[in-house]
Amino acid sequence: MDYNFHWQPVIGRLPDLLLASLDTLQVAALSIVLGIVIGLLLAILRMNARGRWTPLQWFAVAWIEIARNTPVLFQLFFFGFGLGAWGWHLSPFMIVLAGLSFNCAGYLAENFRGGFQSIPDTQYRAARSVGMSAGQTYYHIIIPQVLRKVWHPLTNQIVWAVLMSSLGMLVGYQELTGSAQYFASRTYRIFEYFAVVALIYYALVKLILMASRMLGWRLFRSEGGV
Amino acid sequence: MDYFSGLQLKDLGFLAEAAGRTLLISGVSIGIGSLVGLIFGWLLTVLGRTGRFLLNAVLDVFRSIPLLIQLVLFYNLFPIIGFSLGPFAAGTLVLTVYTVALVSNVTRSGLESVSPDLRRAARSLGLSYWQDMRHIVWPVGLRAVFPAWVGVALSVVKDSALVSVLGYVELLRASQTLITRTQEPLIILAIAGAFYFALSFPMARAASLYEKRWAQ
């Protein structure tokens with residue numbers, strides 16, 4: 001082996017890389033929030049599809065299935081070059097945000113749908129017949145159970161969003177991976193940079209899993225944890 | 001001088017060839033990765049505490065680091081240790097390891113889903129360990145997680161798009177090349193997307209129907 005590892009340039013850039021990992025967390029967090037909101041809407045639309053489908057329901061089903069059955073990178077390219085054909089030019093940050101939100105919404109919609117459908121109708125009726133309003137029923141009875149059901153898939157989706165945001169490198173967004181590539185291209189220390197970045201991602205993922213477990217333990221402890 | 005030219009019939013051939021490469025690299029990775037993943041998944045159910053912890057920790061690394069980073073790392077690692085791998089070999093290696101990490105988890109949960117009572121019953125009927133495996137545990141346990149395995153396989157097909165960063169001309173990279181030349185992003189991306197969709201959607205649907213029938 002006649003290769004000399006040079007870690008010095010990477011160590012020197014460590015503060016920059018850690019700052020860039022904040023961008024990674026930011027874009028992942030935003031796309032998860034958007035993904036939850038849109039995913040809920042899509043799930044509600046899809047669950048109400050009985051018999052004849054309205055255009056709105058077609059829209060929801062198309063969104064969910066395209067998000068789940070095409071590569072994320074394809075979805076990013078679509079928001080990147082595809083929209084360009086209509087004269088819409090998104091910034092690299094917006095491309096990543098739009099692509100990840102689109103993807104997360106599709107996956108989360110199916111998780112939410114599974115969560116809602118696992119609650120029997122009779123619970124809703126029982127809650128209404130003891131005098132709860134529709135809002136109270138959802139707040140006290142339905143949502144807590146659904147939240148517990150989707151807690152694990154939601155955590156996975158958050159981890160995925162962080163991992164997938166690395167594709168920002170390919171559309172010119174300088175999050176953690178993108179900036180690592182930028183710094184590496186100036187020093188040709190590609191392996192060293194990406195090894196350090198891999199460690200940072202690993203630490204981020206473990207932190208998220210730990211936070212989710214602790215929060216889940218607090219939220220669901222009356223029912224014996226997650 | 002005209003730098004750009006419209007979409008031609010032979011471009012479709014170019015895309016089809018690239019789609020074939022997407023199928024090839026994901027097929028090889030899914031095939032080898034699933035076999036090794038089956039073995040590792042089984043190991044996770046029979047190893048002792050320490051062995052299980054170590055194997056899990058190693059497999060977990062590949063699930064906790066972006067695939068893109070894994071590809072770039074491996075591709076750059078081989079020249080360092082003295083021999084170089086082409087984009088196809090490096091991409092296949094990384095995708096295979098990634099598949100192993102995912103499939104071993106699926107296999108483990110499948111094997112663990114077989115109730116100990118059922119296995120004890122089999123053993124007390126006089127079946128040997130391997131007969132119990134072959135006739136009871138595999139058919140029951142692996143069938144239960146078959147839909148999950150289809151999900152893993154489909155995600156590997158989709159993730160194979162990332163091998164394009166190493167310069168391997170699979171479907172998505174081919175479509176990018178064509179977009180640069182023809183300046184027709186919408187139609188070309190639609191074709192590429194339709195290919196992935198046509199492959200993934202029916203299989204995902206079939207797996208979920210199978211799962212529903214199995215649940216009854």
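In this predicted model, A:Glu110 counts as buried because its relative accessibility is 18%, under the 20% cut-off. Its salt-bridge partner is A:Arg113, with 3.1 Å between the closest N and O atoms. A:Arg113 counts as partly exposed, at 21% relative accessibility. Residues three or four places apart in an α-helix point the same way, because the helix has 3.6 residues a turn.

**Salt bridges**

Over all chains, the count is 13 salt bridges. Several are listed below.

| Salt bridge | Closest N and O atoms |
|---|---|
| A:Arg113 with A:Glu110 | 3.1 Å |
| B:Asp60 with B:Arg63 | 4.0 Å |
| B:Asp117 with B:Arg120 | 3.1 Å |
| A:Glu65 with B:Arg205 | 3.7 Å |

B:Asp60 and B:Arg63 lie three residues apart in helix 2 of chain B, about one helical turn. B:Asp60 is buried, with a relative accessibility of 17%. B:Asp117 and B:Arg120 are likewise three residues apart, in helix 5 (residues 116-124) of chain B. B:Asp117 is exposed, at 53% relative accessible area, and B:Arg120 is exposed, also at 53%. Elsewhere, shared partners link A:Arg46, A:Glu65, A:Glu110, A:Arg113 and B:Arg205 into one salt-bridge network.

**The interface between the chains**

Contacts between the chains involve 36 residues of chain A and 33 residues of chain B. The area buried between them is about 3,100 Å², and carbon and sulfur atoms give 79% of this. Two salt bridges are counted between chain A and chain B, along with four residue pairs in polar contact. On the side of chain A that touches chain B, helix 3 (55-69), helix 4 (72-82), helix 7 (134-164) and helix 9 (190-220) each supply at least two residues. Helix 9 of chain A gives the largest share, 10 residues. By class, this side of chain A has 27 nonpolar, five polar and four charged residues.

**Helix 3 of chain B**

Helix 3 of chain B (residues 67-80) has 14 residues and reaches 20 Å from its first C-alpha to its last, close to the 20 Å expected. Its buried residues include B:Leu67, B:Gln70, B:Phe78 and B:Ile80. The buried residues of this helix pack against helix 8 (176-187) and helix 9 of chain A, and against helix 2 (49-64), helix 4 (87-112) and helix 7 (146-159) of chain B. B:Gly82, with a positive phi near 115°, follows helix 3 of chain B.

Methods:
Residues are numbered from 1 along each chain as its sequence is written. Chains are lettered from A and ligands numbered from 1 in the order in which they are written. This is a predicted model: local features need pLDDT of at least 70, side-chain atom pairs count only at pLDDT 80 or more; totals for chains, interfaces and linings use all residues. Side-chain values use heavy atoms; hydrogens and water are left out. Contact means heavy atoms within 4.5 Å. Buried area is the accessible area (1.4 Å probe) that two parts lose on being put together, summed over both. A salt bridge is a side-chain nitrogen of Lys or Arg within 4 Å of a carboxyl oxygen of Asp or Glu. A polar contact is a pair of N or O atoms within 3.5 Å; within protein, one must be able to donate a hydrogen and the other to accept it, and residues adjacent in sequence count only if both atoms are side-chain atoms. Helices (H or I, at least four residues) and strands (E, at least two) are DSSP runs, numbered from the N terminus. Ala, Val, Leu, Ile, Met, Phe, Trp, Tyr, Cys and Pro count as nonpolar, Asp, Glu, Lys and Arg as charged, and the others, Gly among them, as polar. The expected span of a helix is 1.5 Å times one less than its number of residues. Buried means under 20% relative accessible area, exposed over 50%, partly exposed in between (1.4 Å probe, protein chains only).
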